[in-house]
Amino acid sequence: MKKNSELLEMFVLDVLRYDYESIDSIIKLLNDSEGVGWREFWPTDFSTEELIPALGSLVKKEYVKPFYFDQTTQSLEKFDHPCFIEVVEQVWFGLTEEGRQHWEAWSPPE
């Protein structure tokens with residue numbers, strides 16, 4: 001199967017539909033072969049290198065918002081830095097309402 005950035009973005013939206021996730025969690029969920037993952041529809045294990053551009057695109061489209069964990073408040077706060085890539089290991093991602101609507105309109109592969 002040819003790698004497809006749009007398909008990868010939809011897989012990411014799918015694993016984000018229930019919760020905020022770190023990049024490591026997203027990769028783990030995508031590679032899960034027992035239920036929630038999309039590994040069987042991708043030619044290789046999902047990697048950080050291919051996930052970063054997909055997340056960047058989803059953030060730009062406003063389907064996904066980046067967050068950081070604030071130690072003081074013990075909660076996730078909006079990450080307003082223009083480039084999360086430099087600190088991607090510390091960023092969490094969550095679906096926006098637009099992202100949820102886009103995901104709901106998707107017909108996933110079977």
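This report covers the core, the surface patches and the backbone of a predicted model.

## Basis

The model is predicted, so local features need pLDDT of at least 70 and side-chain atom pairs count only at pLDDT 80 or more, while totals for chains, interfaces and linings use all residues. Residues are numbered from 1 along each chain as its sequence is written, and side-chain values use heavy atoms, with hydrogens and water left out.

## Nonpolar core

The largest nonpolar core holds 29 residues. Such a core is a set of buried Ala, Val, Leu, Ile, Met, Phe, Trp, Tyr and Cys residues joined through side-chain atoms within 4.5 Å. Buried means under 20% relative accessible area, exposed over 50%, and partly exposed in between (1.4 Å probe, protein chains only). Phe11, Val12, Ile26 and Leu30 have the most contacts inside this core. At least two core residues come from each of helix H1 (5-15), helix H2 (23-31), H3 and strand E4 (91-95). H1 gives the largest share, seven residues. Helices (H or I, at least four residues) and strands (E, at least two) are DSSP runs, numbered from the N terminus.

## Surface patches

Tyr20, Phe69 and Trp92 form a nonpolar surface patch. Together they have about 270 Å² of accessible area, computed by the Shrake-Rupley method with a 1.4 Å probe; for residues, only the protein chains shown count as cover. Trp92 sits in strand E4. Its relative accessibility is 31%, so Trp92 counts as partly exposed.

A negative patch is made of Glu62, Glu97, Glu98 and Glu104. Patch residues have over 30% relative accessible area and no salt bridge; like charges are joined within 9 Å, nonpolar side chains (Val, Leu, Ile, Met, Phe, Trp, Tyr) within 5 Å. A salt bridge is a side-chain nitrogen of Lys or Arg within 4 Å of a carboxyl oxygen of Asp or Glu.

## Positive phi

Most residues other than glycine have a negative phi. Glu62 lies in the loop between helix H3 (48-60) and strand E2 (64-70). Glu62 is partly exposed, at 47% relative accessible area.

Gln74 is not a glycine either, yet its phi is positive, about 55°. Gln74 is in the loop between E2 and strand E3 (75-78).

## A buried loop residue

Leu16 is in the loop between H1 and strand E1 (21-22). With a relative accessible area of 2%, Leu16 is buried. Leu16 and Asp45 are 29 residues apart in sequence. In space, their C-alpha atoms are 18 Å apart.

Note on methods
Lys, Arg positive; Asp, Glu negative; His and termini not counted. Charge placed at Lys NZ, Arg CZ, Asp CG, Glu CD.
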